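Trainee: I would like to go through this model one item at a time. Please give the cut-offs as we go.

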Amino acid sequence: MIERAQSAPTPAAEPRDCLPPWFPMPCPVRGSRSVPGTSAAACPSGSPACVERASRPVESTRKEIEVPRTMTHAALTSRILDVDRGNLLGPVRPLHDRGGWVADLRVDQTDPFFFDHPLDHVPGMLLVCAVADLVVVGADIPAAGRVTAELTFHSMAELGPELELYVGQFDGRRCHTVRIAQESTLVADGWVEFAPVDLPAWPNHLGGSGRPPAQGSLVHRVRPENVMIGDPSVTDDQVTAAVVSPVEGHALSGRRPDVRRTEGVVEAGRQLCTWLLHRMGGWSLDTQILLHGVTVDLPVGMPRSLPLTLRWHTLPLPAGRVRFRFDLIAGGDGAGDGGSVVGSLVYTGMVMRPKVYARFRANRNAG
């Protein structure tokens, strides 16, 4: 069991099935919402990322919790217990008066993946994986289908006090409200949806790029086992990189040994963003990449043995805000040839030089 992060003293807590009054904010439209007056940024990786702190109390709507019709009480209890046994979340608590689930994030700064190297904040990839675990509790996930999701980061998650994660009640296969908070600060919000659709037949002949892993420093990873992309191949109009399957027991390997975990593909895309900024954009290795958001449209339940490749069509890289869109290709030779496009990932953010990031952290700590 992973120890919880140390948190600052707080006033007397509300009942355990309640959140701070701002937490379950109504989401009038599908998708996430930026908080006016703040900048959006975070770090779904080991690289630091964030901007101004967002704090916005709002009224919440009350709704009785409903177990998905296709899920029995025993199945729901089993899912909660399965997530509780994991390493990322504290006990999952149903919100009987508001609908949805809430759990505290467990932060282990000795974790060999999430804290691959020393950080002054909670890495965004830890938040992504923890939210995914909490979504599993309430989602009616199809055996074959797709997941579409978006997570927008509004503030850096500090190492303390404790973070709370909230996933609202699913409306069929869609959850309009996913939120991460640190006391009164909104760290991230978003939505997720599952769809049962027929997927293409996976190829019987499994190829691969045969290329070595990418250089760790170019993807902000120290440990070799945490590099999730192969050394990218560059042509005049595109860059491709194979998605590396994590070793058994890795944080991204998942509970089902024969199925590829979606979060591993998300991390591979994050690493390709970093590689492109350094190698194609010419930014120094100590540059910080501040990711504002991640949007995915991916198949569910891809075989672990299926070769996957990320493809980026070459575009000029601006000096400030950046946007990367990657095609996910299944099968083929690992260089984007001979396979089929089965999904996409979009990352937005901006680039920050070390001195600018240091001033930002100093100002934030002083505040």
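Trainee: How many helices and strands does the secondary structure of the protein come to?

Mentor: This is a predicted model, where local features need pLDDT of at least 70, side-chain atom pairs count only at pLDDT 80 or more, and totals for chains, interfaces and linings use all residues. Residues are numbered from 1 along each chain as its sequence is written, and side-chain values use heavy atoms, with hydrogens and water left out. Helices (H or I, at least four residues) and strands (E, at least two) are DSSP runs, numbered from the N terminus. The protein has four helices and 12 strands.

Trainee: What share of the residues in the protein is buried?

Mentor: Buried means under 20% relative accessible area, exposed over 50%, and partly exposed in between, with a 1.4 Å probe and protein chains only. Of the 367 residues in the protein, the buried share is 54%.

Trainee: How many residues of α2 are buried?

Mentor: Helix α2 covers residues 124-138, and its 15 residues reach 22 Å from first C-alpha to last. That is close to the expected 21 Å, the expected span being 1.5 Å times one less than the number of residues. The helix is largely enclosed by the rest of the structure, because the buried residues number 13 of the 15.

Trainee: Which residues does the cis peptide bond join?

Mentor: Proline 161 lies in the loop between β3 (145-153) and β4 (163-167). The cis bond has an omega of about 0° and joins glycine 160 and proline 161.

Trainee: Is histidine 220 buried or exposed?

Mentor: Histidine 220 sits in the loop between β6 and β7 (233-234). Its phi is positive, about 60°, although histidine 220 is not a glycine. With a relative accessible area of 11%, histidine 220 is buried.

Trainee: What is the relative accessible area of glutamate 183?

Mentor: Glutamate 183 is in the loop between β5 (174-182) and β6 (185-195). Phi is positive here too, near 55°. Glutamate 183 is partly exposed, at 45%.

Trainee: How many aromatic pairs are there?

Mentor: Rings of Phe, Tyr and Trp (its six-membered ring) pair if their centres lie within 6.5 Å; planes under 30 degrees apart count as stacked, over 60 as edge-to-face and the rest as tilted. By this rule the count is five.

Trainee: Why is the pair of phenylalanine 326 and tyrosine 347 classed as it is?

Mentor: Both residues, phenylalanine 326 and tyrosine 347, are buried. Their ring centres are 5.8 Å apart and the planes lie at 50°, so the pair is tilted.
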